Amino acid sequence: MLTDIEIAQQAELYHIKEVAAKLDMTEDDLLLYGRYKAKISDEYIERVKDNPDGKLILVTAINPTPAGEGKTTVTVGLGQAMGRLGKKAVIALREPSLGPCFGVKGGAAGGGYSQVVPMEDLNLHFTGDFHAITSANNLLAAMMDNHIHQGNALMIDPKRIVFKRCLDMNDRALRNIIIGMGKKADGVVRQDGFVITVASEIMAILCLAKDINDLKERLSKIIVAYTYDNQPVTAGQLNAVGAMTALLKDALMPNLIQTLEHTPAIVHGGPFANIAHGCNSVRATKTALKIADYVITEAGFGADLGAEKFFDIKCRMAGLKPDAVVLVATIRALKYNGGVKKTDLSDENLDALKSGIVNLEKHIENLKLYGVPVVVTLNKFVTDTDAELTFVKQFCEEHGCDFAVSEVWEKGGEGGVELANAVLRTLETKKSDFKVLYDSSLSIKEKIHTIATKIYGASDVAYSTEAERAITKIEDMGFSDMCVCMAKNQYSLSDDATKLGRPTGFTIHIREVYVSAGAGFVVAITGAIMTMPGLPKQPAAEKIYVDDNGITVGLF
């Protein structure tokens with residue numbers, strides 16, 4: 001079997017103008033980035049805004065494990081399968097971060113014969129969106145520090161600066177730093193730090209902004225610091241919004257590429273779901289809905305993170321109403337949740353499967369809280385036995401879900417036809433009655449408690465003294481009606497990554513809370529979650545190189 005990058009490099013790509021033609025776009029509707037990438041123009045988005053919406057299908061998953069689930073692969077494969085069935089479908093994905101590409105997770109282009117291409121471009125610099133976001137973020141940080149150095153007319157307290165610089169790379173050494181060392185002309189000495197670009201507020205803002213005017217308004221609301229008398233200081237007060245908007249103007253336009261089977265894919269924005277809101281841009285999703293009959297999108301990591309934030313943050317803010325959810329799992333991952341070691345996952349083990357399937361059960365229950373029909377799909381491995389597949393199928397049907405086996409990694413769109421038919425059947429026979437989990441009028445603590453108890457299954461929530469103070473301050477500033485964006489590890493329903501399956505009786509620990517006023521949500525950080533990840537002992541970057549023919553090797 002060829003590797004993912006070998007499959008992608010051997011693919012015959014259409015010129016992006018041919019892909020766009022499937023959506024009735026002309027070259028004038030695009031800003032070309034070479035032969036295979038383009039941005040969709042603002043003029044085109046304005047022209048189609050009154051078209052009727054297609055059906056919105058969210059792909060999510062159980063909690064990720066080392067055994068792998070293949071959520072993005074299923075998303076791509078389902079889109080390709082829809083095309084094989086003669087349906088006008090568009091895939092709407094996030095852009096990958098360089099951090100995981102060079103760390104441990106790898107890229108985010110799908111896998112096998114269900115990938116979006118050009119895979120190398122997508123996983124590396126792509127159209128420069130992340131660089132623009134990083135630049136806008138760090139411009140604001142530089143203007144803030146310059147303001148302090150130049151006399152500090154706004155009376156910013158250097159010890160109460162909350163806005164951090166960012167970098168799209170896993171670099172733990174930058175989590176906590178000291179800046180301004182040296183001579184007097186080198187700035188004010190203070191403690192600072194970096195977050196990874198995909199966790200920055202500007203990434204969230206770009207992904208939630210309706211248009212450039214909304215972008216400007218959101219940027220102006222970013223709280224960068226507090227004054228000596230405890231008043232918030234914003235990007236608007238620093239007169240940074242105009243220049244930041246100039247840097248983000250092109251990045252606000254969604255990107256168009258294709259799958260291996262030439263299905264159109266709109267790929268735009270990329271906040272992580274464990275430390276940010278985990279969804280591609282509102283502009284990308286809404287544009288896709290106006291130009292396709294079926295839009296297949298994904299949300300990051302497991303349904304406890306990605307799907308919850310997709311529903312409670314993105315759909316709430318953008319007025320989106322999903323029509324169906326595809327929940328991805330694997331036999332191997334379910335057995336891993338049942339206590340089987342990674343080395344033994346190929347062996348049939350119905351007892352472990354019965355123990356681990358409670359993780360899938362909890363995610364099914366959670367998704368039903370939102371009133372959206374659920375289709376469960378298993379990514380099939382050659383080691384899966386008929387007895388194991390039958391058990392999961394019966395389990396899903398007993399829980400009121402359609403079920404389908406997916407073989408899109410190995411067979412591309414052909415391997416997703418069974419899933420596509422199950423999704424189409426669900427759309428035809430089951431009506432979505434979408435509703436959010438909590439009302440915006442609840443207090444911040446009530447929202448956190450609702451997510452922790454109803455979605456994670458926690459019995460209680462505990463707050464650090466710092467988190468308690470922050471919540472009081474945030475509510476005093478008038479932000480209590482905002483959504484809550486929970487930052488939690490992705491491996492467990494709890495805030496302890498070692499608790500697999502369906503843990504019960506645990507407490508969620510909130511150690512930090514802050515407001516992202518421009519994005520429009522309050523972030524609650526649980527446990528030991530970091531907003532700047534680190535590289536593993538042997539990062540994937542060690543195996544990536546360019547050969548004598550200029551071909552990139554080792555990217556996955």
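Predicted model: local features only at pLDDT ≥ 70, side-chain atom pairs only at ≥ 80, totals over all residues.
Modeller: Residues are numbered from 1 along each chain as its sequence is written. Local features need pLDDT of at least 70 and side-chain atom pairs pLDDT 80 or more, while totals for chains, interfaces and linings use all residues, and side-chain values use heavy atoms, with hydrogens and water left out.

Biologist: How many aromatic pairs does a search of the whole structure find?

Modeller: Rings of Phe, Tyr and Trp (its six-membered ring) pair if their centres lie within 6.5 Å; planes under 30 degrees apart are stacked, over 60 edge-to-face, and the rest tilted. Searching the whole structure on that basis, the number of aromatic pairs is three.

Biologist: What kind of pair do Phe311 and Tyr370 form?

Modeller: Both Phe311 and Tyr370 are buried, meaning under 20% relative accessible area, with exposed over 50% and partly exposed in between (1.4 Å probe, protein chains only). Their ring centres are 4.4 Å apart and the planes lie at 35°, so the pair is tilted.

Biologist: And what about Phe310 and Phe311?

Modeller: Phe310 and Phe311 are both buried. Their centres lie 5.7 Å apart with planes at 70°, so this pair is edge-to-face.

Biologist: Nice! Where does α12 bend?

Modeller: Helices are DSSP runs (H or I, at least four residues; strands are E, at least two), numbered from the N terminus. The bend is the angle between axes fitted to the seven residues ending at a residue and the seven starting there. For α12 that angle is about 35°, and the residue is Phe310.
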